[in-house]
Amino acid sequence: MGMTMAEKIIAAAAGKESCKAGDIETVTLDRLMSNDGTTHLTIDMYNNLKKPRIADVDKLVWIIDHNIPADSPKTAASHKKMRDFAKEHGITFYEGEGVCHQVMMEKHVRPGELIFGADSHTCAYGALGAFGTGVGCTDYLYAMVTGTSWLLVPETIRFNLHGALKKGVYARDLILTIIGRISANGANYKAMEFAGDGLKGLSIADRISICNLCVEAGAKTALMEVDDVALDYLKAHGREPKAIFKSDDDAVFSEVFDIDLSEIEPIVAKPHFVDNIVPVSECEGTKIDEAFLGSCNNGRIEDLRVGAEVINGKHVADKVRFLVVPASREVYKQALKEGLLDIFMSAGAMVMNPNCSVCWGACQGVIGEGETLISTGTRNFKGRAGHKDSFVYLASAATVTASAIKGYITSAEVQ
């Protein structure tokens, strides 16, 4: 019987020729990423071990990205603990480089790898054909000290993408549409695999955006077939694949969806669930207090180009805050070079340092009681971006920027 991409990566990590959905395998990890959201807890647990050790320090990557710069003495202490531990043990460490998943994609992830990240959106690494999955502190610590872990091999849902997205429609609209179709529980502990002729028209930025949000459908991981687009990105960043896997023709999928990309329309996810999707037109006129362009889902240079094109020569609406947050230092520098940040600032937007920012809802752009945010962040749960009685709508970079200009939710087409 053939195997899926997920099964092949897990089998390789387990040192076996094959495995199937439902098997429990002991695997060797290729890489372990952790950020300042929880690393201080991992360090505390590590220091309480009787014989603490790190199995392979070269596999660890630690990144401060959630609350940077530190917003309080408590955060500063947490950062110092992480910084000092990383220096003491020789752990690869980034501070001020950007959002963890963007930094990982730019500097570390390779096709065929099995990666644990102490962050739920680690599934973004599937854009390069790597099995990335989020874990909690305890699982992370075990993998950190042993180099191994166990995995229940997930079933796979296959999405065959056909055709191309229409002008003014983005990968963000596509994945929100998919989540709305299968529901926020539609892929619980499953791999979401993407293939088909429609892949060739999707950039790496598009692919990251799609894979990144798959956890919002409950997915254990997301995977895309590795093609020339992925290999060109890898080469441009000085890396080679570990291995390139493709699902066998006779692989078993729990479900198969065929999606015509030309049928996708601009989408908004309404409060308070990511699968509560409607066409932008159904939210037309909804007043906003803040707009956010950034995050590990939509803070790449391609997203900033879209936003800058929409807002160029226009201005942010009165009484609306528009925060623009490049996902990494690399993105920030490129946006500077292209003059995109000048466009945003001239239009009245606030350009912030690379970090999780509003998406995290803890250090920048926090919204108050009764306020409404339209965001390219990852989630719109109740209280996600601030007060428990606030409202978060999710949309593409184009829709978010157009809404910032008008002061209410609207499509970029209406501009």
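A crossing of two helices is left-handed if the near helix is turned anticlockwise from the far one by less than a right angle, and right-handed if clockwise.

## The model

This is a predicted model: local features need pLDDT of at least 70, side-chain atom pairs count only at pLDDT 80 or more, and totals for chains, interfaces and linings use all residues. Residues are numbered from 1 along each chain as its sequence is written, and side-chain values use heavy atoms, with hydrogens and water left out.

Helices (H or I, at least four residues) and strands (E, at least two) are DSSP runs, numbered from the N terminus.

H2 passes H3 in a left-handed crossing. Helix H2 covers residues 39–47 and helix H3 covers residues 73–89. They pack at an angle of about 55 degrees, with their axes 9 Å apart. Axes are lines fitted to C-alpha atoms, for helices over the stretch in contact, and angles run from 0 to 180 degrees between N-to-C directions. H2 and H3 are therefore oblique to each other. (Angles under 35 degrees count as roughly parallel, over 145 as roughly antiparallel, 65 to 115 as roughly perpendicular and the rest as oblique.)

Which residues of H2 meet H3? They are Thr-39, His-40, Ile-43, Asp-44, Tyr-46 and Asn-47. Their partners in H3 are Ser-78, Lys-81, Met-82, Phe-85 and His-89. Contact means heavy atoms within 4.5 Å.

## A five-strand sheet

Five strands form an open sheet in the order E4-E3-E2-E5-E6, with parallel pairing. Two strands pair if DSSP finds at least two bridges between them. Strand E4 (92–95) and strand E6 (131–134) stand at the edges. Each has a single partner strand, so one side of each is left without a neighbour in the sheet. From one strand to the next, the twist averages 20 degrees.

Four bridges join strand E5 (residues 114–117) to E6. Phe-116 stands opposite Thr-133 in E6. Helix H4 (residues 100–107) lies across strand E2 (31–35), strand E3 (60–64) and E4. H4 runs at about 150 degrees to E2.

## A four-strand sheet

Four strands form another open sheet, in the order E10-E9-E8-E11, and the pairing is parallel. Its edge strands are strand E10 (221–224) and strand E11 (255–260), and each pairs on one side only. Here the twist averages 20 degrees from one strand to the next.

Six bridges join strand E8 (residues 155–162) to E11. The bridge partner of Asn-160 in E11 is Asp-258.
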